[in-house]
Amino acid sequence: MNKKEERLHRLHALYEEADAPCLYQRVADAIEEGIKQGVFRPGDALPTQRALATEIGVTTGTATHGYAEAARRGLVAGVTGRGSFVAARASDVDVMPPPAPLPPAAAWPARGEETPAGQPGEKEEPSRMNLGFIAPFEYLNPSLREALNSMLHDMDAGTVAGLQSYHRPAGMERHREAGALWAARYGVPVSGRDLLVCAGSQHALMTILLTLCTPGDRIAAESLSYPLLRQMSWRLRLPLVPVRTDACGMLPDALENACRNGGVKAVYLMPSCRNPTLTRMPESRRKELVEVCRRHDVLIIEDDVYALAFAAPQAPAFAALAPERTCFIAATSEILGGGLRVAYLCPPQHALDELERSISHTISMVPPLMAELAARWITDGTADAVLAAKRKEAAARNALARDILDGFPLMSRSTGFFCWLGLPDSRTGRNVAVQAKERGVIVAEGEHFRMGHGAAENGVRLALGGVQSREELAAALGIIRSILES
């Protein structure tokens, strides 16, 4: 038995063991289990869909649907004229930064002992210039030490002790009021009693999907979008529907067609600065999309996490245009620090109680200490000062990127936290990412953001704040330029 036959029979056995309710899902589950067990390795060719259909006794259409589902999960990739292959695992660039060795001072020494500077024979990870993970200029984050000292000085013992107690899942009243002030920075008019404190924007998004959607509901999104949306929807059994875009964002006619096909429960949008292409949606396009959503009773999930990189709201928020059907997520991580894990969820009022129950059932509440820090920085002006400093640094780094990559199709916004580098059809984002990594630079390939099959923009995303200095950024961008020129 040759390898091709062996893989076909093994896939058949895994298919028989799968217990998904739909046949095509059993095909995808079999492929996934085969990868987990090491039966299929990155680069391995899978049986043809026709051969698999014959082997397991289903239609070719079912096998094709199963392969498409496996591709949606990021397990396989189709190559025109050659077949389907097990995909190499892409780095989760929007989940966590690549592992890096901790400096000696970060170790936990025994009490009274000096921290060892490193043990002989320890293998150090090679240093990387990380343009893959968006962590905007974290050296400009507000001082945690100063905030904690100020908090202890200003608060009486009872108030401090209250931060260690249970509170209602929506958050403490003063924390929600601070959230309303923060949402106003995005152009979202809301009061503190009408929002929820969440443990970061990812938690807010998961809470929305878990609460307001049911397995089988379809979620519409632009063809390239936030990669964790794909992971969340898969785990919650919410099929993604990629919708075509143009220079202004999602096309209303394309969304209309998706809705007419049935089952679209929600649409996910990043209107002021889409990740990864920086597309900015004008007011006219937003109003057209609102009308489509109203006609088909579609929930709008507005995750404008990078909007504050720019000086003023670019256009009215969806939450202002259609408050009755918009869940707006006001993030703080990019400004106040990713470790804070505080965001504010501004939902339609009819969904507020149900969303709060989901928070109660999952994490009980956001840690009040973290919410207190965010509230203090928002209300005392610290957040605005940090935001101004980050915009200033972003402006300098965008100018640097435009200068070094002059002559290449670079999409850059004046004070954005990342750039989008378009690539010709002859170069894939993954190819450029592999070459860059070999030379010590990490970038986020466009394939990582693909929401489904079909043509989408080809390129790589370059985060500008993941390296400490402009000099280091210039060196990394110089390497990217040399790869493009080679």
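Mentor: Leu144 belongs to helix H5, which covers residues 144–154; helices here are DSSP runs (H or I) of at least four residues, strands are runs (E) of at least two, and both are numbered from the N terminus. The model is predicted, so local features need pLDDT of at least 70 and side-chain atom pairs count only at pLDDT 80 or more, while totals for chains, interfaces and linings use all residues. Residues are numbered from 1 along each chain as its sequence is written, and side-chain values use heavy atoms, with hydrogens and water left out.

Leu144 counts as partly exposed because its relative accessibility is 45%; buried means under 20% relative accessible area, exposed over 50%, and partly exposed in between (1.4 Å probe, protein chains only). Together with Leu148 and Leu369, Leu144 makes a nonpolar surface patch of about 220 Å². Such patches take residues with over 30% relative accessible area and no salt bridge, and nonpolar side chains (Val, Leu, Ile, Met, Phe, Trp, Tyr) are joined within 5 Å. A salt bridge is a side-chain nitrogen of Lys or Arg within 4 Å of a carboxyl oxygen of Asp or Glu.

Glu302 is a buried residue without a salt bridge, and Arg286, the nearest side chain of opposite charge, is 4.3 Å away. Glu302 sits in strand S10, residues 299–303. Beyond its neighbours within four places in sequence, Glu302 has contacts (heavy atoms within 4.5 Å) that include Leu269, Arg286 and Phe318.

Definitions and conventions: Lys, Arg positive; Asp, Glu negative; His and termini not counted. Patch = residues over 30% accessible without salt bridge, like charges linked within 9 Å, V, L, I, M, F, W, Y side chains within 5 Å. Areas by Shrake-Rupley, 256 points an atom, 1.4 Å probe, with all protein chains shown as cover.
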